[in-house]
Structure formats: C-alpha cells, structure tokens
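Reader: I want to learn how to read a ligand shell, a strand set and a core. Please take them one at a time.

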Amino acid sequence: MTERVRALDIILARRSVSPRFLVAPTPTPDELALILRAAAAAPDHKNLKPYRFILIPPERRGNLAAAFREAKAERDPGAPADEIERAGEKAYRGAMLLAVVLRIVRDHPRVSVSDQMLAAGAALENALLAATALGYAGCLRSGHSATSRRVRLALGLANEEELAAFLMLGTPAKAPPPREEVTADLLSIWE
Ligand SMILES: Cc1cc2nc3c(=O)[nH]c(=O)nc-3n(C[C@H](O)[C@H](O)[C@H](O)COP(=O)(O)O)c2cc1C
C-alpha cells in the first residue's frame, strides 16, 4: 500500500470514540508531541496559532471535577446533589484529557475571526488524524462545562481566551461503526 493510500484510509476511517470507550494506553509524551506537531501543521493564516492545548494530568482530574460541580451548581442552583455529582464525573472520562483553548485575535488587521476559527478546527482534525494514525482514537466534547466561567477560571485562561472543547484521546475499547458517507450536497457547480 502506498503512503498516499494509507493517509487517505486514515482520513476516511477516522471516527470519534465516546470518552467512556477511550482507555489506556494513551499516547506517550513523544507521541503527544507528534500529535501537536500535526495540529500545528494545519493551515493557519499568518501563522497566528489561535489555539493552544492544556494537558490535564490524572492527578488534576479531581480539581477539574470540582470545577464541573461548581459550574453545574452555578448554572442550575436547584439541581439535586446526585446531578451535581454526575456533572463532576465527566472530568474523569477519556484516558487522556486536554483542554482546547481558543486565543482569537478579534481586531487583527488582516486575519478575520472566521479564518482563525477555521485554523483551529483544522488543527483539531489534524490532531485527531495523527492520533488515529498512531493507533489511538479520540473525540471532542464541548457542552456547558466548556462555557462555564468556573471552569475557565480553574484552568487559568486569560480574559481573551475561550475554552472551545475538551479533546480526549486513548485506545478505543471497541471499534466505532464505519462512517456513513454523506457527501451528496457538498459540491455544486456555479452556472
Ligand atoms: C469543537 C467540537 C465540539 C464537539 N462537542 C461535542 C459534544 O459536546 N457532544 C457531542 O456529542 N459531540 C460533540 N462534537 C461532535 C463529536 O466530537 C463528533 O465529531 C461527532 O459525533 C461525529 O462523529 P465522527 O467524528 O466520528 O464523525 C463536537 C465536535 C467538535 C468539532
């Protein structure tokens, strides 16, 4: 198989795997460095790198869980204790956990916000593809926790930064279903 076919196979076969099925082993430090190099190889207008990643080590999951619980209590003050507890449990999902931070320059003279968002999205896909090529799988999760002030504060984000999502990586405990092809309306001919 040529390298070119292999690259396409990986792109076409990549599927997100639910965080609860992302188990150890996780990427080694060298592999994670490669995954980040792949992310940084995505197209990026003026090379602004409008994103960064924060690795949440296993021993800090408890702190993230506390922030998730506080965020839930803040957004839903009447929530029963078991719901608050469940919000915290999400911090333990996915064998390797990274926060994806957007650092968009809103008033850049040349590079629009959408260009920067697209660069960040392309970087995320490159990261997922690199993880897939190394035999791992991953998924992205945003949701309430990512938009919460409490969680932003806990992770030490700067004022102008946004928590875009969490990127979870690991070994897939079960194979995801093959992708259904949906390309029908992706292309039209200008006439
Ligand atoms: C930035 C971003 C955030 C996402 N957040 C969520 C999420 O919170 N919950 C969810 O079910 N899917 C979320 N998704 C979608 C999944 O990660 C996944 O891409 C989708 O289910 C399609 O599966 P596939 O990647 O195998 O095609 C998100 C996708 C992106 C790009």
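Author: Start with residue classes: Ala, Val, Leu, Ile, Met, Phe, Trp, Tyr, Cys and Pro count as nonpolar, Asp, Glu, Lys and Arg as charged, and the others, Gly among them, as polar. The model is predicted: local features need pLDDT of at least 70, side-chain atom pairs count only at pLDDT 80 or more, and totals for chains, interfaces and linings use all residues. Residues are numbered from 1 along each chain as its sequence is written.

Reader: Which residues are around the ligand?

Author: A residue is near a molecule if its C-beta atom, placed from the backbone, lies within 6 Å of it. Here the residues are R15, S16, C139, L140, R141, S142, G143, A164 and A165. By class, the shell holds 4 nonpolar, 3 polar and 2 charged residues.

Reader: Which element gives the most to the shell around the ligand?

Author: Elements are DSSP runs numbered from the N terminus: helices are H or I with at least four residues, strands E with at least two. β4 gives the most, with 3 residues. β4 (137-141) and β5 (162-172) each supply at least two.

Reader: How do the strands pair with β5?

Author: Two strands pair if DSSP finds at least two bridges between them. β4 and β5 run antiparallel, joined by 5 bridges. C139, a shell residue, has M168 as its bridge partner in β5. β3 (residues 96-102) pairs with β5 in the antiparallel sense over 7 bridges. There, M96 stands opposite L169. β1 (residues 22-23) is also antiparallel to β5, over 2 bridges. V23 has T171 as its partner.

Reader: Is β5 mostly covered or exposed?

Author: A residue is buried if 20 or more other C-beta atoms lie within 10 Å of its own, all placed from the backbone. In β5, 8 of its 11 residues are buried, so the strand is mostly covered by this definition.

Reader: Which residues have the most contacts inside the largest nonpolar core?

Author: In soluble globular proteins, nonpolar side chains tend to be buried together. A nonpolar core is a set of buried Ala, Val, Leu, Ile, Met, Phe, Trp, Tyr and Cys residues joined through C-beta atoms within 7 Å. The largest one has 38 residues, and V100, A127, A131, F166, L167 and M168 have the most contacts inside it. Its largest share, 8 residues, comes from α5.

Reader: Why does the length of α5 agree with its residue count?

Author: The expected span is 1.5 Å times one less than the number of residues. The 21 residues of α5 (residues 113-133) should therefore span 30 Å, and the end C-alpha atoms are 30 Å apart.

Methods: A residue is buried if 20 or more other C-beta atoms lie within 10 Å of its own, exposed if 12 or fewer, and partly exposed in between; C-beta atoms are placed from the backbone.
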